[in-house]
Every structure is written in C-alpha cells, then in structure tokens.
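Here is a short walk through one structure. Keep the sequence and the 3D view at hand as you read.

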Amino acid sequence: MESFRTVIKGWLGKVLLVLFLTPLALVGIEGYFSGGNRVDVAKSVNGQDISKKELESAIKNYKDQYLSLVQGDESLLNLPVIQEKALDALVARSLLSQQADKLGISLSDVQLEQMLAQQPGFQENGKFSQQLYENYLRSAGMTNQGLIASLRQDHALKMVSSTLMEYALVSQSDLQQLANLQTEQRTLHLASIKLDDYKKGVTATNQEITDYYNKHKNEFKQVASVDVDYVVLSPALLPQANLAVTEADLKQAYAAFVEKQQKDVKREVKHILITADERGDAAAQKLANDVYAKIQAGMTFAQAAAQFSDDPSSKGQGGLVEAYAPGAFSADFDSAVNSLKNGQISKPVKTQYGYHIIETNAPEANIPSFESEKARLTAEVEKTKVANLFSDTVNNLNEMVVGGDSLDVVAQEVKGARIQSAKTVTLATQDPVLSDLSVKAKLFSDDVKNGDRNASSSIQLANGDTIWIKVRDYHPAGTKPLTQVTAEVKAKVIEEKAYKAAQAKVATTLADFKTQPAAKVIAKSQVTFENAGTFARSQGLKRAIERAAFSLAAPSKDGMWSATATKLPNELVIVAVSKVDSSIASGLPAEELKELRKLYQQFRGQQILDDYTEYLKSQAEIK
C-alpha cells in the first residue's frame with residue numbers, strides 16, 4: 001500500500017482516445033474546448049497555457065488508475081504526489097506538441113477526415129454515417145473543426161513519441177548481456193550464524209542509544225493512528241416481531257409497481273428539424289410555425305417530416321430520433337419531451353440546431369398480474385419492513401448516543417450488540433469494519449485531529465450495518481520520540497554490536513575463500529554450510545541473500561567458492577557461490593530473444609523519451 005501513496009466522455013470518446021492519443025494524452029479530447037481566461041491557467045509552457053480544467057481532468061485520470069489498485073480507497077492515495085505527476089505529464093505533452101509544430105509534423109484535413117470515416121463508431125452498414133458523427137459532436141459539445149484540430153495535435157504527439165520509443169537502438173551486446181542476467185543460474189551454499197550468542201553480556205549505554213536514534217530517525221517513523229471504541233448494529237440483532245405482511249401491504253406495493261412499470265416504458269421520440277443555416281432565424285421560425293399549423297390542420301407528422309425536416313437521418317423514418325437520450329440536443333428539447341403526453345405534438349422548440357417540432361409516443365406497458373407478482377412483492381415488503389425497523393431503531397439510538405456521549409446505550413438497548421476496542425488503527429489497517437471508507441473518513445477527520453473525542457453519530461457501513469465510534473486518542477504522523485522507542489533502539493544497538501562481532505569472527509573465513517579450496521576452508525572454519533540449490537534472479541530468495549549472491553564474482557576455478565556475508569534479523573548469513581552457469585542464454589529460442597529485444601527496446605525508448613522531455617523542459621520557459 002505504501003507504494004501507492006507516492007501516486008471522456010462516453011463510449012465513443014474512449015474509442016477515440018485508444019485510437020489517437022499517446023500515453024501522455026491524459027485529458028479527454030473535450031478538454032481542449034473548455035475555453036477560459038488567464039485566471040483559469042494552471043501553468044504556462046513557452047506561452048502556451050495549461051488550463052485548470054485540463055489539470056483537474058488529468059488528476060482525475062491518475063486517481064482513477066491508482067484507485068483501481070487500492071480497491072477504491074482514496075484515503076490511501078497521496079494526492080499532492082498525484083497532482084504533481086499529472087501536471088508534469090501535461091507540461092511534457094505541451095512541450096512535445098510544440099516540438100512537433102516546429103518539426104512540421106502534421107496530417108492534413110483530408111487525411112484526418114479519412115481516418116474518421118474509417119472508424120467503426122461512425123459507420124452504419126459499413127459506410128460512414130454523418131448522423132452518427134454529428135450525434136457524437138453534439139454529445140461532446142464540439143465542432144467538426146475543433147475535433148479535427150484536436151486529432152491533428154494528438155496524432156503529431158503520437159508520431160513524435162513513437163519515433164523516439166519504437167526505434168530505440170539495441171545492440172547485440174546489450175541484448176546478450178540482458179539475456180545473461182535474465183537466465184544466469186548460481187549454485188548457492190548458506191551458513192547461518194545466530195546472533196544470540198554474540199549478544200550475551202552486551203549492553204548499550206544511554207549515549208549509544210541516543211546516538212543511534214539521532215542517526216536512524218527514519219527507522220522510527222509512524223503514520224497517523226487512532227485508538228478507538230466502537231459498536232456495530234446489524235438488522236439481524238433486532239427482534240423480528242410485528243413484521244407480518246398483510247393483504248393491504250401487498251396491494252399497496254402492487255399499485256406502486258404498476259405505476260413504475262408505466263413510467264419506465266421507453267418513449268419513442270420524433271422530431272422535425274428546421275435549421276437556420278441557409279434561411280436565417282426569422283425564416284426558420286416562420287417555416288416551423290407553418291409546418292406546425294399544417295400538422296394541426298390534418299397533415300400527418302410523418303408526411304411533414306418527409307417534406308420539411310432538415311435532419312436527413314430521421315426524415316425518412318417519420319422523424320424518428322433513433323436511440324434518443326437526454327442531452328442529445330438541449331435542455332429545452334428534453335423539457336419539451338418530458339412535458340408531452342402520449343401522442344401529443346409540441347409547438348416549435350428552439351435549440352442551437354434550429355427549431356424542432358416534437359412528438360412522443362409510448363407503447364402500452366405489459367404489466368404482470370397481481371397473483372404472479374405476489375411472492376416477489378411479499379419478499380420485497382418483508383425486506384422493506386425490516387429496513388424501516390432498523391432505520392427507526394438507529395434514529396432512536398443515535399439521539400441517545402450523541403446526547404449522552406456514550407456507546408454504552410447501544411449495548412444496553414440491543415441484546416447482542418457489544419462495544420469493541422482497537423489500538424493504533426491506521427489508514428492502511430485491514431479490518432472488516434474499521435477499513436470502511438466512511439469510518440476512516442471520521443476516524444481521521446480534522447475534528448478528531450483537533451481534539452474531538454465525542455461519540456460519533458451513526459455511520460452507515462457499506463454492507464448496510466451501522467456503527468458508532470468514539471476516538472480515545474489520536475497519534476499524529478511523524479517520528480516517534482526517543483522516550484517511546486528507547487527499548488526498541490536499545491535492542492537495535494545491541495544487535496548491531498553482535499553483528500559486528502560475528503562479522504569479525506567470520507572475516508578470516510571469508511578471506512580464506514579467496515585463496516583456498518572451499519573444502520579446506522570449511523574444514524578449517526568449522527562453519528556448517530547447507531546446499532541451498534541453484535537459483536536464477538527473482539526466484540524466491542530473500543532479497544538480502546539474492547543481492548549478495550548475484551553481486552559476487554564467479555569462482556576462479558572448480559573447487560573454489562566466492563563468498564560474502566549479509567545481515568538478516570538476528571542472524572548473519574554467509575552466502576557462497578560454487579558455480580555460475582551462463583550458458584542458458586545461448587540456447588534461448590529465437591522467439592524468446594525477439595520478445596526480450598522488444599521489451600528492452602521499449603524500456604530504452606521510454607528512457608530516451610523521458611530524457612528528451614527533460615531536455616525540452618530545461619530549455620523552456622515554464623511558469
């Protein structure tokens with residue numbers, strides 16, 4: 001968890017991002033059309049502004065990525081670090097975009113229009129659909145020119161970054177060395193020397209304890225924590241008396257069900273669009289009123305749509321707006337749709353696209369009978385009654401808990417409820433109850449940090465239960481004082497002395513391994529070694545042992561061992577290597593070498609892109 005603390009709108013927008021945006025393009029396409037003025041500027045890069053809206057969108061993108069890794073627990077995120085990463089990425093994007101302009105990297109309008117026409121999301125029956133394209137522009141609040149400009153910039157960014165990342169040079173010697181490192185195997189022998197014998201009679205003076213503490217304060221850091229009492233109430237703890245379902249209850253539930261079914265029937269929306277593009281607003285309004293009058297006089301809506309509508313995709317279908325969704329046209333359009341009764345036709349409604357005459361129709365709802373729904377409604381009413389009883393109980397108890405500043409009342413009033421306690425609870429504590437996001441928000445709130453120790457009001461848990469908490473003590477983040485960790489520091493000082501004594505004891509043995517055969521050294525030293533086996537890197541060894549084993553030079557000849565010592569808790573371990581096998585790399589299949597080359601090339605390419613971006617930053621005016 002600690003590692004995480006150091007960090008589009010619609011389906012079609014996501015498709016476009018995948019198709020056109022580079023890894024640096026953290027903001028959705030619509031982020032470029034937010035407008036704004038200088039007071040909304042988060043950063044200026046060589047005179048090119050990054051808006052606060054762009055930054056907010058980038059931060060949200062980063063947060064969403066990290067939240068998926070911590071199961072949605074925002075309290076585990078280090079927001080200042082995320083904000084800094086997002087701003088750095090936007091600055092890098094701006095610099096690379098400017099560099100693309102200087103290098104003349106760009107696609108023409110024709111090329112971009114061809115790319116758009118080939119996108120499946122804009123096609124119907126295998127052909128480009130102007131209507132689908134315009135629907136997207138409307139939903140995203142964009143213009144055709146704006147989208148083209150944005151895609152041109154995104155493609156230029158992709159070309160700059162891919163040129164650096166995809167064509168990084170990888171030499172054969174580099175690849176061979178990497179393959180050797182990946183596949184090399186070492187035969188290890190380990191000897192464990194416990195430090196307990198070296199600790200006998202060893203003491204630590206007050207000065208030594210103080211000196212160690214002052215030198216290693218980072219070892220005694222603590223995150224914020226609380227000591228807390230809490231009591232949990234669940235519906236299962238309440239008596240289930242007087243919860244029988246009556247016939248009147250069921251009829252009332254069925255009536256509500258019927259009303260909802262009728263309301264949820266999806267309405268069919270039709271419109272006749274009269275645009276002002278070529279005729280002007282006044283003429284468009286007059287024509288719309290004339291068409292409305294013709295419909296009132298007897299012309300069918302479908303006839304009027306076919307003859308007068310300027311919407312090419314709907315006029316041939318009687319004016320039907322396929323897959324209508326609120327927001328497709330405007331709030332006024334939606335308001336008219338919602339106000340119309342079934343089969344009613346609106347007077348002309350003005351939007352940014354022109355004047356609309358709207359008709360709505362809804363099919364009859366197919367409603368199941370009362371008898372067929374009886375079993376389901378019975379279970380639903382029972383559930384509602386249990387929920388109402390629980391809610392009423394929580395409300396009554398809440399008044400007593402808060403009024404009396406005590407959790408005892410819950411345990412007294414509800415049999416089975418009990419007060420529990422927990423110490424040193426942190427944001428990272430894994431607990432079925434205290435890890436709930438709402439509970440942590442209260443445990444580590446500003447009020448608690450500032451001294452609030454009162455019993456909380458009720459907090460609803462994610463599973464539906466309710467909890468009351470009372471913080472007894474709050475321990476702020478920081479370095480633990482020496483008075484609190486004296487015993488711990490003393491133990492570390494003694495262990496360090498014991499380790500140094502053990503090092504001195506085995507120094508001669510380690511020196512002998514450099515010049516004498518292993519069998520002779522082992523017999524002379526009387527140290528017991530165990531054959532640990534043969535290992536490659538990242539094959540399950542403890543980190544300290546792996547680091548020691550793979551830092552040693554290969555033995556000079558058969559019978560010789562390379563050896564060193566490393567420290568583990570309360571023991572010194574002699575790590576010896578008797579054999580190094582580097583031949584495996586030469587036998588790697590061509591496909592594996594190809595994949596290794598690809599991975600290393602990507603790694604090198606990212607390094608080059610990062611270095612290039614840092615160079616551009618060093619030359620830029622960023623403020």
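The model is a predicted one.

Start with the sheet. It is open and has 3 strands, in the order β8-β10-β9. The pairing is antiparallel. In general, strands of a sheet pair through backbone hydrogen bonds, either parallel or antiparallel. Here β8 (268-274) and β9 (349-351) are the edge strands, and each of them pairs on one side only. On average, neighbouring strands of this sheet are turned by 40 degrees against each other, direction ignored.

Now look at β9 and its partner. Strand β10 covers residues 354-361. It runs antiparallel to β9, and 3 bridges join the two. To find your place, pick V349, which stands opposite H356 in β10.

Next comes a helix. Helix α11 spans residues 281-296 and lies across β8, β9 and β10. Its direction is about 25 degrees from that of β10.

Turn to the helix pair. Helix α6 takes in residues 144-166, and helix α21 takes in residues 590-619. How do their axes cross? They come within 7 Å and cross at roughly 130 degrees. That angle is why α6 counts as oblique to α21.

Which residues meet there? From α6 come S161, L164, M165 and E166. From α21 come Q601, G605, Q606, I608, L609 and Y612. Sorted by kind, the residues of this contact are 5 nonpolar, 4 polar and 1 charged.

Definitions and conventions. Residues are numbered from 1 along each chain as its sequence is written. This is a predicted model: local features need pLDDT of at least 70, side-chain atom pairs count only at pLDDT 80 or more; totals for chains, interfaces and linings use all residues. Side-chain values use heavy atoms; hydrogens and water are left out. Axes are lines fitted to C-alpha atoms, for helices over the stretch in contact, and angles run from 0 to 180 degrees between N-to-C directions. Helices (H or I, at least four residues) and strands (E, at least two) are DSSP runs, numbered from the N terminus. Angles under 35 degrees count as roughly parallel, over 145 as roughly antiparallel, 65 to 115 as roughly perpendicular and the rest as oblique. Contact means heavy atoms within 4.5 Å. Ala, Val, Leu, Ile, Met, Phe, Trp, Tyr, Cys and Pro count as nonpolar, Asp, Glu, Lys and Arg as charged, and the others, Gly among them, as polar. Two strands pair if DSSP finds at least two bridges between them.
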